[in-house]
Structure formats: C-alpha cells, structure tokens
Amino acid sequence: MSLQFTSQLPEVAREALAGIAAERTIAKGQTLCREGESCHELFLVASGHVGLDMLVPGRGQVRVMTLGPGEVLAWSALVGNQGATATGIALEETETIVFPDDALINLCQTNHDVGYPMMRELAKAISRRLVTSRLQLLDLFEQESL
Amino acid sequence: MSTVTAGTPATDPWLAQTVRIAGITDEIEGVATYHLDFADASAAGSFSFRPGQFNMLYLPGVGEAAISISSDPLLHGTLDHTVRIAGQVTTELARAGVGATFGLRGPFGSSWPIDECLEGDVILVTGGIGLAPLRPAIYELLNRRTEFGNVTLLYGARHPFGLLYSAEYDDWQANGVDVNTTVDRASPAWQGNVGVVTQLLDRMPVADPERTSVLCCGPEVMMWYTARSALGRGIPKERIWISLERNMNCAIGLCGHCQFGPTFVCKDGPVVRYDRVSQYLRVEGF
C-alpha cells in the first residue's frame, strides 16, 4: 500500500515507525478522537473515510471535513496535549495505521533520522489541511457565473 | 447544403440564428437549463459543436452573453445551455418562458481535447456551475467509453443543494464514470464528502500519471490548485487542460475584451492547456 504520507519517508524511518505502529480496523460510526479530549494515538487513514466534526452551540455537530486514504488525524498526539480540536468518526469501515503517542514521541526525540522526516511529513500534511481550509473559507462558488 | 466543419458557425459568425425555448429545467437556486430549438430547420441540421465550446445568446434590446453549451454533442436539433443569473442578459433570460425566442451565434472557441485522452485515464475536476461546460465532455466520453481508461469525475459545490445535474450521476456511474462529489459546507442531512474538490484529487489513486489527462473547469483559484495537485501526482503539464472565462463580446478574437496575456479567450480558449496560461493565472488584474 502506498500512502502519500508515508511514501515520502526514507526507508529507515518507515521501518522504525512500522515497529511501533499497529493496523486497526475502525467500524462505521466508531469515534477515533473526540473534540476537547487528549489524543493518545495518531491515526493514518489507509482506506475508508473519517468525518471531522466540530460542536457548534445551537447547531450541534457540524461536519467540517472528510478525510480519506493517506490523511492523518489526531496529530495532537505528537505535537501537543491540548486535546483534539475536532471529533473524528469513521463514516464506513476504515483501515488505519495507529501510532501510540508515547512511543512515537520517544522515537522521534531519540532518533532524528526518524523524527525529522516524520515531523516534516506531518508539517506537509498540516500545510495541505491549512490550504484546503483556506479554499473553503474563500467560498469560491458563491458568486460564480458562466 | 454547404459543408460545415464541426465546431464552427455555419454562416457569417456575426449573424444570429433564431432559437426558441422549448423547455426549462430548474437545476439549483438561480440556475436553469434552457433547452433550445432552432426556428430554421436547416440551421438546426447544420449546427454542430464540440464539447467545451460556447454560444453567444442575443436578447434584442438587452445584449449578448457568452454561455457554454451543456448538451450532448451527438444530439442534433436541440441545444442546452445551463445559465446562472449573473447579469442583464441572464436576468432577462430568466424572465423568459417556454416559447420565447432570441438570437444565437456560434459555436465558438476551442474544445476539450477528447482525442488526446485516448486509451489513457481521464480525470474531470470541476466545481459549482463549472460542470456545465464539462457535461458535453462527459457525454462524449460515455458515447466513446471503450476508447478510454478510467474516467473519474471529481465535483465540488458550495453546499449539497449546489450540485448540478444530480439526477444524472447514477446513470453516469452505471455507464463507466466514477462520480465523486464533495461540498464545502455540509447540511445535517448530507452523508457525502465534505471539503474542497482538490482534496479528492490529492487522495485518489493515479495509476499511470504519464497517461492520465485532467480536464478542469471552475473558479481560477480552484483550477490553479487542481493543477498544482495534478502536477504533484506526476501528471505531465501537457495533459492538464482548463476552461477560462472572460468578458467575451465579439467571440471571434477582434474586440480584445477577453484578452488574457497573449491569449484571446473567445478564440484561443475557452479551453486551454494549463502550461500555456499558468504564468498569467496568478497575475492580479488579468
């Protein structure tokens, strides 16, 4: 399986990460992370789709994005412990690769041949997410014409 | 009868043919498809177009507007235009009912490079009303389905109620077009994908990028990011095509209103190869 996130990692990093990762099937409707709660696992979607929902008072849970193969979620497991900013729910049976936070942080801190490329790919993933969020904000289809 | 090349006006390009609104389909809010008949049967017989081309719709006393053709190029005698209310001509058109007549010049402009996609995979990326100029390309791909590899439609809209031609998706899917939709803003009932359409391209498998073509139509920012994503997936720049929109007045490259760098969009476009205009796409004021 070739995923955008892992395909750019050097072999040494992929092997080291595989040593701490586990494959996990998430059933449809199961929550991967919950808004406001600490994340102790970083998820990489291998197949299937995950909805990202945010709670808006008066509107309930609002879906802000759908993630698919090659995309990561619950990255606060690696970059901080402030809690998830959205709730991730499997929209169908979803195959994931799961990285436990303690092992991942320890690996990245002690082995910079893994830590730097891992953080670089995570930064790229966050950058892609930021760009897509900006494009949503631009509301490009509001006043188009043909 | 004189021989007319497909995709060129049958007569003097300045002469308008009279067309009649044979039917109107309300698509989404502020957007309707007008099904047009030619008043002159011989004009109907000689009119043919290629996917991606446009006509100039002329409402006497109001003006002209360039509108993409959105029907099946194999269907002769009737012509569809999907129109969003955006200016004087389209506002007046929206007031017209079945049976109303007006003028039509065309077809004009370049077309989607369907023949250059032969035997390869085709990805159509579009957003909002940008599906209208691509719909004839979808019909042609369906009409010639065995000549292409995988055909995928990635279509985004502002919200679920902004998806054009949704009644046709099942038919397209059943006949070999993988239809993927997404919306920027979900309603509570929406069970589909949420996010911008470029995300769909980012995550879809591209098995043979060297033989994959991307046909893209939508807001220019969307097309720019689509091209960026396609290039990032290894698709050659020569295989990325976009449809531009500018203020087209004469439709034959004389008046200059639609000039875009060295390109006259009405004559050299609206469909252009991405690498031929990419340097101008991010220039403010163009």
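1. Some ground rules come first. Residues are numbered from 1 along each chain as its sequence is written, and chains are lettered from A and ligands numbered from 1 in the order in which they are written. Because the model is predicted, local features need pLDDT of at least 70 and side-chain atom pairs count only at pLDDT 80 or more, while totals for chains, interfaces and linings use all residues.

2. On confidence, the predictor gives the complex an ipTM of 0.87 and a pTM of 0.91.

3. Chain A holds an open sheet of 4 strands in the order S2-S7-S4-S5, with antiparallel pairing. At its edges are strand S2 (31–33) and strand S5 (60–67) of chain A, each pairing on one side only. Neighbouring strands are turned by 35° against each other on average, direction ignored. Helices (H or I, at least four residues) and strands (E, at least two) are DSSP runs, numbered from the N terminus, and two strands pair if DSSP finds at least two bridges between them.

4. Thr31(A) has Ile89(A) as its bridge partner in S7(A).

5. Next, the helices. Helix H2 (residues 11–20) and helix H5 (residues 112–138) of chain A have axes that come within 9 Å and cross at roughly 95°. Axes are lines fitted to C-alpha atoms, for helices over the stretch in contact, and angles run from 0 to 180 degrees between N-to-C directions. H2(A) and H5(A) are therefore roughly perpendicular (65 to 115 degrees). Residues in contact (C-beta atoms, placed from the backbone, within 7 Å) include Val12(A) and Ala16(A) in H2(A), and Val114(A) and Met118(A) in H5(A).

6. Helix H4 (residues 101–110) of chain A also packs on H5(A), at an angle of about 115° with the axes 5 Å apart, which makes H4(A) roughly perpendicular to H5(A). Here Leu107(A), Cys108(A) and Gln109(A) in H4(A) meet H5(A) residues including Val114(A) and Met118(A).

7. Finally, the chains: their contact takes 20 residues from chain A and 27 residues from chain B. On the chain A side, S5 and H5 each give two or more residues, and H5(A) supplies the largest share, 5 residues.

Terms used:
Angles under 35 degrees count as roughly parallel, over 145 as roughly antiparallel, 65 to 115 as roughly perpendicular and the rest as oblique. Two residues are in contact if their C-beta atoms, placed from the backbone, lie within 7 Å.
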